[in-house]
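Have a look at the model on the screen, and then I'll walk you through some of it.

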Amino acid sequence: MSDPTIRASRTPLGGRFWALWSASLASNLSDGVAMIAMPWLASSLAPDDAALVAAVATAGRLPWLLLALPVGVLVDRVPRFTLMISADSLRVLLWASLALAVFSGQASIPLLAAFAFCFGVLEVCYDTAAETTVTSLVPGGELERANGHLRSGAIVAQEFTGRPLGGFVLTLGLFVPFLFNIAALLVSVAALVRVRATAPAGDGGSEPALGSSSKAPRGLRGVGEDVVEGVRAVWNQPLLRGVAIIAIFVNTTYATLLSTQVLFVRDTLGLGSTGFGLLMAFAAIGGIVGGQMVSWTRSVLPHGTLPTFCLAGSGLLYLLVSLFPITPVVAGVYLLSGGLVLGYAVAMTSIRQRVTPNHLLGRVNAAMRTVGWGMSAVGMALGGVLVSSLTPVLGQANALRVPYVLVSAVSLVVVLFFGRRLIGLVREHDV
């Protein structure tokens with residue numbers, strides 16, 4: 001029986017939220033095109049050097065590890081919608097510059113890596129700010145529904161629209177996808193300007209509550225102190241601290257699966273690139289459905305149990321993959337686990353938004369993302385080492401099943417030893 005105070009809501013989310021959703025959709029559509037266009041351009045510039053191609057991808061990820069925490073300070077200091085508009089506007093200029101470089105034949109791997117790093121910096125700014133603005137647009141009880149719509153829309157835009165579109169427009173010329181990115185980001189900017197312009201009089205809206213922290217230092221000298229304040233906010237809040245510790249273990253092991261997934265599909269399941277793409281589509285569809293059902297699931301489950309339910313369910317599903325590595329089972333697991341993984345992410349994001357004071361939200365979000373992305377990077381490296389070390393003993397096909405065993409074991413151990421505590425923390429702090 002669910003807590004009677006928590007019900008699936010039908011309250012309209014409002015025009016300002018849907019304008020933000022439209023901006024997110026356009027921005028993620030641009031990201032989806034870039035996910036295809038950038039690696040393809042890199043491979044055309046260095047067709048025989050995988051390390052150089054990988055360097056471009058690495059340059060795009062580095063800002064999440066190096067700059068997320070100071071960007072969190074920026075998000076808490078400046079108007080958040082203004083920051084998002086500025087980030088998208090700068091991305092328009094960068095895409096235009098890159099399109100010109102490609103069209104004129106001036107593109108190179110070092111130049112592309114530099115562009116990728118700059119795009120990554122702006123992505124950190126946009127995404128961190130976007131995660132803090134939702135609380136100014138919808139009531140706390142609507143956050144699961146709002147975040148579910150945003151996450152589902154991102155999957156549709158990136159996986160089902162942006163990537164196929166990127167592949168298609170590449171046939172028209174290497175510079176053409178970047179022109180499309182410019183158009184998509186201009187739509188995003190227009191939608192964000194509308195959200196900012198329609199803020200009710202006296203509404204804090206996109207503005208961080210700077211006055212709510214008397215100790216918040218200003219200027220460059222205070223950045224370190226602001227970062228420390230954000231990290232302490234995570235550590236001193238029992239629920240956030242517990243979630244961060246869980247993320248260290250769960251994200252690390254889950255990344256071992258992601259880094260070896262393509263080899264599992266090829267060598268264990270015996271599928272080609274088309275089969276791999278279809279399996280990823282199953283996971284994406286599951287994520288879309290899961291994102292739309294988070295609010296309803298939270299309303300029908302006992303209060304505070306949604307995160308633990310998602311962890312336990314995904315742990316059991318990945319155990320099935322390790323025991324029965326056949327295509328129909330894997331497809332079904334990817335469909336269901338895609339919903340549970342996204343459900344956990346939406347639930348945790350919504351809880352974090354509710355329990356964190358507005359003036360700390362940017363830094364707290366940045367700290368949690370740093371933990372998640374940092375441990376994912378470690379896990380991806382460990383996944384390759386783990387499979388390589390076990391291959392001489394188990395064979396390649398069986399060694400590739402081990403990351404699924406590891407993800408299952410860690411998820412279920414977390415639920416077994418910390419699940420009840422996590423439920424109690426959610427019930428105590430997420431009110």
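Let's begin with charges. Asp76, Arg77, Arg80, Asp226, Glu229 and Arg363 are joined up in a network of salt bridges. For anyone new to the term, a salt bridge here is a side-chain nitrogen of Lys or Arg within 4 Å of a carboxyl oxygen of Asp or Glu. The general idea is that side chains of opposite charge can pair when their charged atoms come close.

Before I go on, a bit of housekeeping. This is a predicted model, where local features need pLDDT of at least 70 and side-chain atom pairs count only at pLDDT 80 or more, while totals for chains, interfaces and linings use all residues. Residues are numbered from 1 along each chain as its sequence is written, and side-chain values use heavy atoms, with hydrogens and water left out.

Within it, Arg363 and Glu229 meet through their side chains in a salt bridge, at 2.7 Å from N to O. This pair links distant parts of the chain, with Arg363 in helix H13 (residues 361-394) and Glu229 in helix H8 (residues 223-236), 134 residues apart. When I say helix, I mean a DSSP run of H or I with at least four residues, and the numbering goes from the N terminus.

Are these two partners buried or exposed? Arg363 is buried, because its relative accessible area is 4%. Glu229 counts as partly exposed, at 22% relative accessibility. The cut-offs are these: buried is under 20% relative accessible area, exposed is over 50%, and partly exposed is in between, using a 1.4 Å probe and protein chains only.

How many salt bridges are there by this rule? The count comes to 14. Let me pick out two others. Asp31 forms one with Arg91, and their closest N and O atoms are 3.5 Å apart. Asp31 lies in helix H1 (residues 15-45) and Arg91 in helix H4 (residues 80-103), so this pair ties together parts that are 60 residues apart in sequence. Asp31 is buried at 15% relative accessible area, and Arg91 is buried too, at 4%.

Then there's Arg354 with Glu144, where the closest N and O atoms are 2.6 Å apart. Arg354 sits in helix H12 and Glu144 in helix H6, so here the parts tied together are 210 residues apart in sequence. Glu144 counts as buried, with 2% relative accessibility.

Since H4 came up, here's another residue from it: Ala87 is found in helix H4, and it is buried at 2% relative accessibility.

Next up, empty space. Rolling a probe the size of a water molecule over the atoms shows where empty space is left. On a 1 Å grid over the protein atoms alone, a cavity is a set of points where a 1.4 Å probe fits but cannot get out, a pocket is an open set with protein on both sides within 12 Å along at least five of seven lines, and lining residues have an atom within 4 Å of a point.

The second largest pocket has a volume of about 280 Å³. Of the 16 residues that line it, the closest to its centre are Gly290, Met293, Leu336, Gly339 and Leu340. Helices H10 (273-300), H11 (306-323) and H12 (327-355) each supply at least two lining residues, and H10 gives the largest share, seven.

What about cavities? By this rule there are three of 30 Å³ or more, and the largest cavity holds about 90 Å³ of space. Its lining has 13 residues, and those closest to its centre are Arg298, Gly304, Leu306, Pro307 and Val426. H11 and H12 each supply at least two residues of that lining.

Last stop, one more residue from H12 and one from elsewhere. Leu335 is found in helix H12, and it counts as partly exposed at 31% relative accessibility. Leu406 has its place in helix H15 (residues 402-429) and is partly exposed, at 31%.

Methods
Points joined across faces, edges and corners; volume = space filled by probe spheres on them.
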